[in-house]
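Hi,

Here is the structure I promised to pass on to you. Have a look at it first, and then read my notes below.

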Amino acid sequence: MKSKKLKILSLFLLSFVLLFSGCNYGGGSSSTTSSGEGSEETTNGPRKGGKVTIPIVADPTFNPWHPIAYAESNVINRVIFSGLTQPGKDLLPAPDLAKDWSTSEDGLEWTFILRDDVKWHDGEKFTAEDVAFTFNEVALNKELGANNSSYFQKLKEVQVVDDYTVKFILESPVAALPAYLSFNTEIIPKHIFEGQDPWELTSFNKQKPVGTGSFKIKSYTSGQSVVLERNDDYYGEKAYLDEVEYKVLADANTHVAQLLSGELSIFALDDLAAIDRIKNAEGVEVVARDTTRFFWIILNQQLEQFQDVKVRQAVLHAIDRQNIIDTVLKGYGTIADTGIAPALKEYYTDDVKRYEYDPEQAKKLLAEAGLKDTNGDGLLDKDGKKFTIDFKIGIQGDIEAVSQMVQQYLKAVGLDVKLNTMEWNAMIQDVVVKRNYEMSLNWWRYPSDPDLSAYMHSANVKGNNIPAYQNSELDKLLDAGAQESDVEKRKEIYLEAQKMMAEQLPYIFLWYPQEAQVRVEKLKGVPDLAFGDALHYINEWYIEE
Amino acid sequence: MLRFMINRAGQSAILLLIVTLITFFLVNLAPGGPSSTMRMEATEEERQAIVEKLGLDQPVHIRYVEWLKNGLHGDFGTSFTSSEPVIQRIMERLPYTIELTIFTIVISVILGIFFGVISAVKRGKVGDHVINFVSVIGLSVPAFWLGLMLILLFSITFKWLPSSGVGPRGEDFELWGWISHLIMPVLILTTTVLPHIVRFTRSSMLEVTSQNYIRTARAKGAKESVVLYVHALRNALIPIITIIGMLIPRLLSGAVITEAIFGWTGIGTLIIEAARGRDYPLVMGITVMITLVVVFCNLIVDFLYSRVDPRVKNV
């Protein structure tokens with residue numbers, strides 16, 4: 001009797017084990033039965049209702065200026081709040097809270113005409129006072145160290161002209177101002193923040209934010225989810241969706257799993273390893289989107305041995321970038337010549353010096369820079385001493401995989417590169433804060449404007465100019481471009497600047513990554529923009545049944 | 001008994017002090033800093049402003065003394081990553097971890113003792129081998145892998161169970177929603193806890209059943225089930241209680257991997273957040289909580305010893 005029970009039990013356990021060993025991660029059939037009976041329904045246009053679910057990796061902070069508001073907060077804040085401008089569908093700044101704007105002859109004053117039909121989610125009227133408060137009291141308050149305040153270094157103050165007109169007073173012209181005002185610099189309500197420490201007001205920042213956007217907060221549970229509901233008093237086109245849910249899911253594998261199981265609707269895929277599985281799945285689509293990002297390698301320009309431009313050029317010749325794009329990035333990227341990405345169609349050019357994969361040329365350039373293999377160990381030496389490069393990187397996305405390939409390519413031309421992989425936070429402290437590095441690899445994302453002064457102007461050596469590159473000619477061009485608001489003239493300047501960037505390589509430009517935007521097929525109305533920009537148009541999204 | 005309690009309290013206080021001292025210096029001296037000061041885009045000026053606002057411009061030892069003073073008054077500060085009080089953040093998450101722990105322990109203890117006894121009784125027979133084999137698998141298969149496999153099977157292929165989250169709570173609470181979210185995480189945790197209990201029960205039972213009084217019991221004609229469950233198991237329980245006493249704090253301090261995979265918002269996910277963001281006050285708060293749990297569980301185990309085995313008094 002007892003042994004019979006045991007047999008059944010062991011059979012059960014055995015089948016359980018077999019069940020698991022039988023399913024092969026990635027190789028198994030990923031097809032699932034779709035719920036609809038009629039497989040191909042005709043499009044009947046947008047309709048109200050439904051909800052989308054978006055993953056975020058950590059608890060958000062509902063205040064775009066808060067120093068602890070990172071990417072997971074940005075994707076919510078740009079839906080709850082509105083900025084003066086927003087990225088247009090052509091990526092040029094488009095109206096949002098501001099209907100119109102103009103700059104004075106000398107470029108030192110920008111006047112923004114605001115909408116007069118905007119209400120905060122609590123019913124209060126939005127006015128010029130809110131704009132002035134946001135900038136004067138928060139962004140420009142040096143003690144607060146607000147996010148993105150570095151965009152406004154040239155801003156002296158914001159003046160209220162009347163209820164619906166504000167003036168931005170600048171120290172020197174900033175042509176990119178309307179673009180900066182569309183990038184994580186949303187307006188917060190004066191009537192709630194006045195007299196409060198904007199970082200300590202957790203009843204707003206962590207519980208019940210009050211914005212002006214097309215969705216307002218419905219509920220928030222720490223570690224789980226944020227649910228937004230349609231704002232029926234929204235000043236623009238009211239949203240179709242009833243709700244937007246952001247699920248807090250730290251693990252990237254879970255994002256993929258939940259997309260495939262239909263629990264998530266849309267996000268930008270970071271780890272491209274899963275891309276094929278998603279492409280083969282039913283009811284899910286992947287689209288490639290240009291972004292304003294560029295990947296780079298930097299050689300510390302404060303160190304004498306890296307100051308020769310030939311060394312930087314040689315590094316670029318030594319790396320087969322197309323191969324890395326094809327393998328690690330699964331094709332989601334294009335070779336970069338400068339920092340200005342093809343997403344900025346108005347300004348982008350590839351008519352500059354290009355660096356083909358050419359190890360022989362790399363060796364030649366290195367030899368010209370005085371690097372020779374004097375002891376016959378296959379590695380280059382300088383002045384009789386070993387020439388090694390300390391290559392520090394942080395673990396994030398595909399940086400590690402890419403860096404390992406770079407290390408091999410550089411070894412092949414005789415450069416002894418020691419790869420030092422660090423935890424992200426520790427890498428920032430070493431490379432960015434202390435500038436204690438020789439070589440590093442990373443990427444920048446910037447507002448939709450070609451002004452890259454922050455990253456390569458000599459005035460920003462203590463800021464985001466991490467390679468500490470200094471070149472007065474490039475500075476002049478960057479200054480001219482930053483101050484010129486006439487688009488045609490600006491184009492000329494940036495064509496010139498790009499030629500110089502490609503020639504001088506303040507950064508060793510690698511590629512412009514494309515975003516692999518993954519989403520369920522029944523989600524429609526998402527404009528052809530990168531995920532982050534498309535969120536500005538979430539009121540146009542709808543679910544097709 | 002009173003002297004025993006005072007002794008234990010004193011020991012615990014010293015332990016707590018040492019643990020917090022080590023942790024405080026470790027986290028503060030580890031490379032990197034609070035993530036708000038370690039944003040790649042932040043300028044030197046912005047970083048400096050935030051460092052001052054967080055009070056990190058003071059030397060570490062002064063900050064420790066300050067932290068200790070406030071801690072003794074029950075104030076564990078505000079979390080760097082959310083600006084909310086540390087205690088509030090822990091209390092928000094703790095119930096979820098307790099929930100997982102209770103289900104896991106109850107299921108594991110019942111099944112573990114049951115299979116352990118069977119394994120001991122059927123020593124060397126098929127049943128014993130099967131149970132041993134499955135136990136070894138449970139111990140050696142990594143939780144993250146098994147977790148992903150379960151998600152692949154039950155969430156993606158069959159679409160039976162939700163792949164993550166804790167399910168609707170509060171007003172929207174619904175029984176199946178709750179249970180369906182619990183199944184996979186509890187299953188994973190059980191596979192890591194259960195084998196320990198099974199194996200300890202087995203060896204403990206084997207030791208006890210070979211003793212003379214068991215032979216006596218059998219000789220006097222007691223039923224086999226009485227011999228096993230009344231005479232043997234009671235005495236075999238002591239080591240089992242010890243292992244359970246060790247497993248509970250481990251689960252309560254958050255099954256980090258399991259919670260992360262299933263988006264279970266307990267202490268485990270909070271630990272990841274705190275460590276990743278170099279949230280010093282939160283790391284310290286969690287450390288104190290876990291230390292207290294360990295101390296408390298040990299105390300309970302000692303107390304239970306004396307109840308199960310009257311010979312063990314006033315250890």
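With which residue does A:Lys363 form a salt bridge? The partner is A:Glu360, and the closest N and O atoms of the pair are 3.7 Å apart. A salt bridge here is a side-chain nitrogen of Lys or Arg within 4 Å of a carboxyl oxygen of Asp or Glu.

Before going on, a word about the background. This is a predicted model, in which local features need pLDDT of at least 70, side-chain atom pairs count only at pLDDT 80 or more, and totals for chains, interfaces and linings use all residues. Residues are numbered from 1 along each chain as its sequence is written, chains are lettered from A and ligands numbered from 1 in the order in which they are written, and side-chain values use heavy atoms, with hydrogens and water left out.

Back to that first pair. A:Lys363 and A:Glu360 are 3 residues apart in helix α11 (residues 359–368) of chain A, so about one helical turn separates them. (Helices are DSSP runs of H or I with at least four residues, strands are runs of E with at least two, and both are numbered from the N terminus.) A:Glu360 is exposed, with a relative accessible area of 53%, while A:Lys363 is partly exposed at 36%. Buried means under 20% relative accessible area, exposed over 50%, and partly exposed in between, using a 1.4 Å probe and protein chains only.

Searching the whole structure gives 30 salt bridges over all chains. Another of them joins A:Lys418 to A:Asp416, with the closest N and O atoms 3.2 Å apart. A:Lys418 is partly exposed at 46% relative accessibility, but A:Asp416 is buried at 7%.

In chain B, B:Asp128 forms a salt bridge with B:Arg202, at 2.9 Å between the closest N and O atoms. B:Asp128 lies in helix α5 (residues 126–140) and B:Arg202 in helix α7 (residues 175–209), so the pair ties together parts that are 74 residues apart in sequence. Both residues are buried: B:Asp128 has 2% relative accessibility and B:Arg202 has 19%. There is also a network, in which salt bridges with shared partners join A:Asp59, B:Arg89, B:Arg93 and B:Glu273.

Finally, a sheet. In chain A, 3 strands form an open antiparallel sheet in the order β15-β16-β17; two strands pair if DSSP finds at least two bridges between them. Its edge strands, β15 (371–372) and β17 (385–386), each pair on one side only. A:Lys372 stands opposite A:Asp381 in β16(A).

Enjoy exploring!
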